[in-house]
Amino acid sequence: MKKHFIIAIKLTFITVLIFGVGYPLLITLAGKLTPGRGEGEVIMADNQIRGFELIGQKFDNDRYFNSRPSAVDYNAGATGGSNKGPTNPEYLQQVKARIDTFLVHNPTVKKDQIPVDLVTASGGGLDPHIFPEAAYVQVDRMSRVRNISREKVKALVDRHVEQPLLNMGTSRVHVLRLNLALDRLN
């Protein structure tokens, strides 16, 4: 019995050293080698920090492209999804309300034209990207509200479509970068 207890104590100590000290130290050191030195890649505009490369922000003003909804209200300290499935009545009401709101602000868009990423939250709740279709469906509103030609706004979206690495995955648009470029366009 005493022999098993000593082995358990040793294994616990080794596990704490590996996963409680070694692994966090390794990840911290690896982070220091990244472009943001482990602090996140900052997006600057007009000599001010406007956001971070991998953290989404809420854009619900008609003057800006809408971002993807967040289940955690864009709180980077509490990432996560809602864990509500497609049959959950509360979730369905939430999606319906988002659709209705989007249609009010985008009167030229039909319900079946709304991309799913504009009315459903991502799994992490902080996705800074939308699909190109989600940006294109908002072009008419941007043109109308900002008094910029539709062609100019569409060209701006075209320039901000990021292609997937090695053609694996889907194209995407970084909403903060797009909105900052939109401000510069005015």
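Predicted model: local features only at pLDDT ≥ 70, side-chain atom pairs only at ≥ 80, totals over all residues.
Visitor: Which residues of helix α5 are called buried, and what makes a residue buried?

Guide: The term calls for under 20% relative accessible area, and in helix α5, which covers residues 150-160, Val153, Leu156, Val157 and His160 are buried. Seen down the axis of α5, these buried residues fall within an arc of 95 degrees, so they line one face of the helix. An α-helix has 3.6 residues a turn, so residues three or four places apart point the same way.

Visitor: Which exposed residues does the face of α5 turned away from its buried side carry?

Guide: That face carries Glu151 and Arg159, and exposed here requires over 50% relative accessible area.

Visitor: How many helices and strands does the protein chain have, and why is the protein chain called more spread out than a compact globule?

Guide: The chain has 6 helices and 5 strands, which run from the N terminus as α-β-β-α-β-α-α-α-β-β-α. Its radius of gyration is 22 Å, whereas the globule rule gives 16 Å for 186 residues, and because the value is well over that figure, the chain is more spread out than a compact globule. The C-alpha atoms fill a box of roughly 80 × 45 × 30 Å along the principal axes.

Visitor: What percentage of the residues of the protein chain count as buried?

Guide: Of the 186 residues, 33% count as buried, by the cut-off of under 20% relative accessible area.

Conventions. Residues numbered from 1 in each chain as written. Heavy atoms only, no water. Helix = DSSP H or I, 4+ residues; strand = E, 2+ residues; numbered from the N terminus. Rg over C-alpha atoms; globule rule 2.2 N^0.38 Å. Buried < 20%, exposed > 50% of the residue type's maximum accessible area, 1.4 Å probe, protein only. Arc of directions from axis to C-beta.
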